[in-house]
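Reader: Hi! Could you walk me through some helix packing and the cavities here?
Author: Happy to, let's have a look together.

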Amino acid sequence: MQYHIEDYRSGDPDIKLAAKGLAHNSALPKETDVLIIGCGPAGLTLAAQLSAFSDIRTCIIEQRSGPLERGHADGIACRTIEMFNAFGFSHKVLREACWVNELNFWRTHEETSKGIYRSGRVKDTEEGLSEFPHVILNQARVQELFLDVMRNSPNRSEPYYDRTLVSIKTDENEFPVIAELEYKDKNGEIRKEIIRTKYLVGTDGARSAVRKELNLELKGDSTNQAWGVMDILAVTDFPDNRMKAIISSPGDGTVVLIPREGGYLFRVYVEMDKLGEGERVRTRTFDSQDLINAANKVFYPYSLDVRHVAWWSVYEIGQRMTDRFDDLSFSDNETAIPKIFIAGDAGHTHSPKAGQGMNVSMQDAFNLGWKLAAVLLGKSPETLLRTYNSERHSIARDLINFDREWTTLLHQVSKGDQSVSAEDVQIYFTRSGHYTAGTATQYTPSILTGSSKYQDLATGYSVGKRFHSSPIVRFSDAKPMHLGHVIEADGRWRLFAFSPQKQTVAESLNALNGLCEFLKSDPNSPVVRYTPKTQEMDSVLDVRAIIPYHFRDINLADIHEFLFPRKGKFELRDYEKVFCFGENEDTNIYLQRGIDLKEGCLVLVRPDQYVSHVLPFNATEELSHFMSNIFVEQH
């Protein structure tokens, strides 16, 4: 973490200096750059991302009277913690959360009178898939951590609560989206407010008012199956109550047990009655005791003595999504620019069985956030915003298909369908490990994603997939760390320059220094072309070099000055751009991530941690051409 660049400042370095001229006002502004409707995980991810930019005005509203306090989602995938690390609070999540290490499978004995027994167990996450685990932490706490990021940002952002969206209109104004809101004043009277914005994002859940204003419809199907979920404090003799477990009992249903943070609380998903044709959960009368009774049937011969129900709900399983995630129509030409977007449950709904809902929703927002920032700051053309729908809609479709297969399999086993078995559930879960960990996402070729032409230069960094971090050593201070952890949620692109290993260290450095000279001085360099003249050299493209030698074999004076840029009013040198090998094989990133040692390569990474392109080390012309489609030239 870098700070003390302008002066020594005591206190928490996560609390950024407030933007100049910042004036707090409890009244809603008349105009804003981005208006976010809804303070769920997607909305707060987007607001936290945009809060990093003091030049962007962001407003987020919520119809609740305050922050979420309990219930809702709780599973946090490995990929999501990688994202949390970019926002600076992964360490808090890892400290507080319950780590899911194994998944245990239970089924009913052939002699049904004996009840259930443990039939198998697997590692919850494949070894080496991520440096982070799959964990459980309640949605309210996750949202609070995003709120902390907003409050500590230069803009000191806070949501506006107790406000409901009434309507959306558009015109040709500089702030073309007009939102009409309602709120109650201190006397309880309904008041109306109007706010204009350049872009509006609906993150307002499955009953999204924004989606309705866009005349978009959630399309899909439902299994007509009710499931209950409850967070409980209970006394039980079930031996795996601190493990994640799937319990299948033909005739009595299925239970998914999730241990929760804090050591005592755990969550139980339990299959309830099948709904009639066209019947909805809201027309049935369920209470928490119904859930407890249903769970105890599945747990037999073990007992579940529930002492306290912290939260419970009953829901229908269904997989639905909209045709688009923005306000464009399929007939719009390729130059049309979206102004209104939806993200998270507003665009796709599914069951919580695989723990993907909150995770995918936050990834929606992370994808959109840096794009909005790049356009608003004049670094990228508005056409960049078209890629949000094209990228995230296909990811949501994959999620819907996966969720349908997973929930159908669980239901078939619980009903004693002879075509599937409990072992089939275990096999399917193991095979789908990359998906449940959140690491299976791969964006297809586009202006943001290159081809796989040079993929053999870095087999461990698949183009279109997330940048898989690896241990390495920082050159300047010999600090062992993870290379991926230099990626922060600050809107910058990263270029990782993996230098080729030549006959000598000097020859390797000559190759690296040649690249650095191009990046620093050549008129075609993306650093020269796209960095605003008033900003730091790494404000758009943050270049990091990896030298394939031990740090003790390298002299700082032999490395190009470009990799030690001058910063701040005192023009202090930044010493954290260069990395190399440590004492053991674990820090040989070339070996760990399949980097061609003799050829080296360039790995270009997007602000949301996905690999945009892999290129030969000397492919400066191809790099410049590829980035010319993403950025606006600065003068």
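**Helix packing and cavities**

Author: Helix α4 (residues 139–151) packs with α2 at an angle of about 25°, their axes lying 11 Å apart. This is a predicted model, where local features need pLDDT of at least 70 and side-chain atom pairs count only at pLDDT 80 or more, while totals for chains, interfaces and linings use all residues. Residues are numbered from 1 along each chain as its sequence is written, and side-chain values use heavy atoms, with hydrogens and water left out.

Reader: Is α2 roughly parallel or oblique to α4?
Author: The angle makes α2 roughly parallel to α4 (angles under 35 degrees count as roughly parallel, over 145 as roughly antiparallel, 65 to 115 as roughly perpendicular and the rest as oblique). Axes are lines fitted to C-alpha atoms, for helices over the stretch in contact, and angles run from 0 to 180 degrees between N-to-C directions. Helices are DSSP runs (H or I) of at least four residues, and strands (E) of at least two, numbered from the N terminus.

Reader: Which residues in α2 and α4 meet?
Author: From α2, Met83, Phe84 and Phe87 meet Val142, Phe146 and Val149 in α4 (contact means heavy atoms within 4.5 Å). By class, that contact of α2 with α4 has six nonpolar, no polar and no charged residues. Here Ala, Val, Leu, Ile, Met, Phe, Trp, Tyr, Cys and Pro count as nonpolar, Asp, Glu, Lys and Arg as charged, and the others, Gly among them, as polar.

Reader: And at what angle do α2 and α7 pack?
Author: About 45°, with the axes of α2 and α7 10 Å apart. That makes α2 oblique to α7.

Reader: Nice. Which residues of α2 and α7 meet there?
Author: Arg79, Thr80, Met83, Phe84 and Phe87 in α2 meet Asn359, Met362, Gln363 and Phe366 in α7. The contact of α2 with α7 has five nonpolar, three polar and one charged residues.

Reader: Switching to cavities: what lines the largest cavity?
Author: Its lining has 16 residues, with Gln356, Val360, Tyr435, Gly438 and Thr441 nearest the centre. On a 1 Å grid over the protein atoms alone, a cavity is a set of points where a 1.4 Å probe fits but cannot get out, and lining residues have an atom within 4 Å of a point.

Reader: Which helix gives the largest share of that lining?
Author: α7, with three residues. By class, the lining of the largest cavity divides into six nonpolar, eight polar and two charged residues.

Methods. On a 1 Å grid over the protein atoms alone, a cavity is a set of points where a 1.4 Å probe fits but cannot get out, and a pocket is an open set with protein on both sides within 12 Å along at least five of seven lines; lining residues have an atom within 4 Å of a point.
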